[in-house]
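Hello,

Here is the structure I promised to pass on. My notes follow below it.

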Amino acid sequence: MDYSEYNANNFNVFPINGNQSAPLPMNDPGNFLKRRRIDGDCDMLGLVQEQVVHKGANFLTICSCHSVFHTEHWKPKGTTLYLPLKEDIMLNLRNIEQITFSQGSFFVADDAGTYSHSQQGCVINLWRYDMLQQKMFISRSFLFTDQQIFESARRCLESM
């Protein structure tokens, strides 16, 4: 294609490594620039349902949903009471030492924080190290009653 027929209003100039590249005609249908997708499937989790889990550089965002519960007061022997996640949350994973996954039956609370029922689901436990007690502890735990949302969160964590 001969670019001499275009005037200055028909061109876009894109910098490449600080240098100016050759002008590209804006009205040429072969010059559509697309951003390459590098995040895998974590940014497209909402194909069937609303997007619940997102990932960033060091953050994992979990959106409030009827099938996501959480607790900051984990107790051993399966006596933890999980509350509904009412607000979207961004987790800074830079301070997390270890992440564990489990599944089973868990105690779920209602919006007031009282026991409602037992629910089958999968849990993601976020572990931190306590310098004073010299041991690991679970700082936050998330219960997912929807297997698809849990698997999406797990894939995002594995790809970080």
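Which residues in the largest nonpolar core touch the most other members? They are Ile 62, Leu 91 and Phe 144, out of 18 residues. A nonpolar core here is a set of buried Ala, Val, Leu, Ile, Met, Phe, Trp, Tyr and Cys residues joined through side-chain atoms within 4.5 Å. Buried means under 20% relative accessible area, exposed over 50%, partly exposed in between (1.4 Å probe, protein chains only).

First, the ground rules. This is a predicted model: local features need pLDDT of at least 70, side-chain atom pairs count only at pLDDT 80 or more, and totals for chains, interfaces and linings use all residues. Residues are numbered from 1 along each chain as its sequence is written, and side-chain values use heavy atoms, with hydrogens and water left out.

Now Phe 142. This residue sits in strand E12 (strands, E, at least two residues, are DSSP runs numbered from the N terminus). Phe 142 counts as buried because its relative accessibility is 1%.

Last, the cysteines. There are zero disulfides, meaning pairs of cysteine sulfur atoms within 2.5 Å. For Cys 63, the closest cysteine sulfur is in Cys 65, 8.8 Å away, so too far for a bond. Cys 63 is buried at 9% relative accessible area. Cys 122 is buried too, at 4%.

Best wishes

Methods: Helices (H or I, at least four residues) and strands (E, at least two) are DSSP runs, numbered from the N terminus.
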